Amino acid sequence: MHEPLIKIDDKHVPLYRIVWVSDLPHFCGEDDCLREGYYEVRLDCDDSLWTNLPDRDRVIETLNQWCGDPRDEGEF
Ligand SMILES: [Zn+2]
């Protein structure tokens, strides 16, 4: 069974706490925005993590494996 933990930023997050993962990078137009170009990983409890594109893709890939994406069947 796949380990249901993933490291995002410097935090180990249980996969079941992830509500959704952003498809597009953050943009809000604020001059001092620190999230610009980062991808949001929404967690339950009104919490969010912010990550770069390679990490965002890694999160989705891990979620797919954990959720048992049928496309991955037979690869393990
Ligand atoms: Zn912003």
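This is a predicted model: local features need pLDDT of at least 70, side-chain atom pairs count only at pLDDT 80 or more; totals for chains, interfaces and linings use all residues.
Q: Why is Cys28 called partly exposed?
A: The relative accessible area of Cys28 is 37%. Buried would need a value under 20% and exposed a value over 50%, so Cys28, at 37%, is partly exposed.

Q: Which atoms coordinate the zinc ion, and what makes them donors?
A: The atoms are NE2 of His26, SG of Cys28 and SG of Cys33, at 2.1 to 2.2 Å from the zinc ion. The cut-off for a donor here is 2.8 Å, for N, O and S atoms, so these atoms qualify. Along the chain, the donors follow the spacing H-x1-C-x4-C.

Q: Why does Ser48 count as buried?
A: Ser48 has a relative accessibility of 19%. The limit is under 20%, so Ser48 counts as buried. Over the protein, 29% of the 76 residues are buried.

Q: How do you know that the side chain of Ser48 makes polar contacts?
A: The side chains of Ser48 and Glu40 make a polar contact of 2.5 Å, and those of Ser48 and Arg42 make one of 3.2 Å. A polar contact requires a pair of N or O atoms within 3.5 Å, one able to donate a hydrogen and the other to accept it. Both distances therefore meet the cut-off.

Q: Which residues does Ser48 contact, leaving aside its neighbours within four places in sequence?
A: Ser48, which lies in strand 5, is in contact with Glu40, Val41, Arg42 and Leu43.

Q: Why are strand 3 and strand 4 said to pair?
A: Pairing needs at least two bridges, and strand 3 and strand 4 (residues 39-43) have three, so they pair, in the antiparallel sense. Ile18 stands opposite Leu43 in strand 4.

Q: What makes strand 3 and strand 5 edge strands?
A: The open sheet has three strands in the order 3-4-5, with antiparallel pairing. Strand 3 (18-21) and strand 5 (47-51) each pair on one side only. On average, neighbouring strands of this sheet are turned by 25 degrees against each other, direction ignored.

Q: Where does helix 1 lie relative to the strands?
A: Helix 1 (residues 53-67) lies across strand 3, strand 4 and strand 5, and runs at about 130 degrees to strand 3. Along the sequence, the pattern is β-β-β-β-β-α.

How values were computed: Residues are numbered from 1 along each chain as its sequence is written. Side-chain values use heavy atoms; hydrogens and water are left out. Helices (H or I, at least four residues) and strands (E, at least two) are DSSP runs, numbered from the N terminus. Buried means under 20% relative accessible area, exposed over 50%, partly exposed in between (1.4 Å probe, protein chains only). Donors are N, O and S atoms within 2.8 Å of the metal (3.2 Å for Na, K and Ca); water is not among the atoms, so sites may look incomplete. Axes are lines fitted to C-alpha atoms, for helices over the stretch in contact, and angles run from 0 to 180 degrees between N-to-C directions. Contact means heavy atoms within 4.5 Å.
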